[in-house]
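Here are my notes on the model you sent over.

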Amino acid sequence: MNNFAKSALVGAALALLTSSAAFAARADLVLGIVLEPPHLDPTAGAAAAIDEIVYANIFEGLTRIGPKGEVLPALAESWTLSDDGKTYTFKLHKDVKFHDGTSFDAEDVKFSLDRARGGDSTTAQKGLFAAIDTVEVVDPLTVKVTLKQPSGDFLYNMGWGDAVIVAPESAQTNKEKPIGTGPFKFDSWAKGSQIVISKNAAYWGKPALLDKATFRIIPDPAAATAALLAGDVQAFPVFPSYETIAQFEADPRFKVVIGTTEGETILGMNNKKPPFDNLKVRQAIAHAIDRKALIDGAMFGLGTPIGSFFPPHHPAYIDLTSETAFDPELSKKLLAEAGHPDGFKTTLKLPPPTYARRGGEIIAAELRDIGIQAEIVPLEWAQWLDQVFKNKDYDMTIVSHTEPNDLNIFARDDYYFNYDNPAFKDLIKQIDATSDDAKRTELYQEAQKILATDVPAAFLFQLPKTGVWDAKIEGLWENGPIQANDLTAVKWVD
């Protein structure tokens, strides 16, 4: 071999090594998230930040929700439904193992579902399992779930993060060391800084394309912008700095994707606490809010106004914003009729997200215009969950409910709204027992109208999904049909 050929061969080998090294480096991804989860067990908490880390990545359920909101197989490879619509027989994937090496089978499914619906259940969404009557192990790879009555939402409900399958050996320690069956496994958690997950080499299904993903916790919008521009973070699936979206749209290094979410953003009110137990007071507050000014001021124009608790992209949605249109003079009239001609003093407890903190300032100013003095009380996420969500220790609050298909939260006796309407509860029962799409649409619309009239909360806007990431990244979700950062198909491309 002459010197020229040797040189060419060495050059080619070096190029190949360089290319391989570059490709390997691109198997690591840093994502920005706004909120740090209180823990990492989706079966034991309501915080969306939990599922944003673990859903479809670490934990899996019988079914899963796909990027278009569709129900897909997960740990169950298939299922059949009995003629009476009450019994689901799930066939499970074989050779599935949890991250600690223990085997997955039908006993784990029975354990998880019985645990979720049991008297000492820690799930924040116990209603998902209310229709279940019995769970039976037919054989190691077959489980039979019999419902009390037909449920049109059952397969969808089994795709929630709250319905993931956990092992009895590790269920009690999943908060700090989550062990699931997913394509990624938990690596480390530096509190206040970041959470790292790594590829599960023993995954039963299609392997992940990333070797490692780091979720960097960045609550400050300015810091989020700086981290993306510096390359310290390569993706922000829910970017909090709405005012800099245009800057990233003009930068070819980045891809900006504005999608929809299931996040109905509301001004929640404590319906059993005076004066919010008075319908006219709640109506007055709703009419005092200028949704357009709120969306422009807090969201830089990103967001869709809503007049009830229902996502605008849903086929059954009806626009009811006119029911509580901005009308401060009507607000003052309603307050006077309710016995508060001079208004009253109250508190507005706000969690950390930008929409809440900025939106709270705008709403407080609008309420002052009608005589209501709302003291703003900023809370950290854990404080909000404890004071507002758990203990109902609040007057008003602002939050986005990002769970899918969650109209039924207004039918729950123990939910933090303290709203109680028997007619609405009956409608939710009818919806759950109905599988006919046309009838479900009719019932959904009737339910929306009841909430728009009763104003258990002031309905503000649908939260957008503002995604900003490196232009060479593919596979992140455009929309947010469920609160998740599903990394199972994410990869770098040249």
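1. Start with T261: its side chain gets to within 2.5 Å of the backbone oxygen of L463. Bear in mind that this is a predicted model, so the distances here come out of a computed structure.

2. Where does T261 lie? In strand β12. Buried or exposed? T261 counts as buried because its relative accessibility is 9%, and the cut-off for buried is under 20%.

3. Leaving aside residues up to four places away in sequence, T261 touches H313, Q462, L463, P464, K465 and G480.

4. Next, have a look at helix α7, which covers residues 279–287. Its buried residues are V281, R282, A284, I285, A286 and H287. Among the elements covering them are β12, α9 (328–337), α10 (354–368), β16 (396–401), α13 and β17 (457–470).

5. Which residue caps the N-terminal end of α7? That's N278: a side-chain oxygen sits 2.9 Å from the backbone nitrogen of K280.

6. The largest pocket holds about 1300 Å³ of space. It is lined by 48 residues, and A124, Q125, K126, G127 and R412 are the closest to its centre. Helices α11 (381–390) and α12 (422–432) are the elements that give two or more residues to this lining. By class, the lining has 23 nonpolar, twelve polar and 13 charged residues.

7. The second largest pocket has a volume of about 830 Å³. Of its 38 lining residues, G69, Y156, H314, P315 and N405 come closest to the centre. Two or more lining residues come from each of α4 (154–157), β12 (254–269) and α13 (437–454). So much for which elements take part; by class, this lining splits into 16 nonpolar, 13 polar and nine charged residues.

8. Finally, the overall picture. The protein has 13 helices and 19 strands. Its radius of gyration is 24 Å, close to the 23 Å that the globule rule gives for 494 residues, so the protein is as compact as a globular protein of that length. Along the principal axes, the C-alpha atoms fill a box of roughly 100 × 55 × 40 Å.

9. How much of the protein is buried? Of the 494 residues, 55% count as buried. As for contacts with a separation of 6 or more, 68% are between residues 24 or more positions apart.

Note on methods: Residues are numbered from 1 along each chain as its sequence is written. This is a predicted model: local features need pLDDT of at least 70, side-chain atom pairs count only at pLDDT 80 or more; totals for chains, interfaces and linings use all residues. Side-chain values use heavy atoms; hydrogens and water are left out. On a 1 Å grid over the protein atoms alone, a cavity is a set of points where a 1.4 Å probe fits but cannot get out, and a pocket is an open set with protein on both sides within 12 Å along at least five of seven lines; lining residues have an atom within 4 Å of a point. Grid points are joined across faces, edges and corners, and a volume is the space filled by probe spheres set on the points. Helices (H or I, at least four residues) and strands (E, at least two) are DSSP runs, numbered from the N terminus. Ala, Val, Leu, Ile, Met, Phe, Trp, Tyr, Cys and Pro count as nonpolar, Asp, Glu, Lys and Arg as charged, and the others, Gly among them, as polar. Buried means under 20% relative accessible area, exposed over 50%, partly exposed in between (1.4 Å probe, protein chains only). A polar contact is a pair of N or O atoms within 3.5 Å; within protein, one must be able to donate a hydrogen and the other to accept it, and residues adjacent in sequence count only if both atoms are side-chain atoms. Contact means heavy atoms within 4.5 Å. The radius of gyration is taken over C-alpha atoms; the globule rule is 2.2 Å times the number of residues to the power 0.38.
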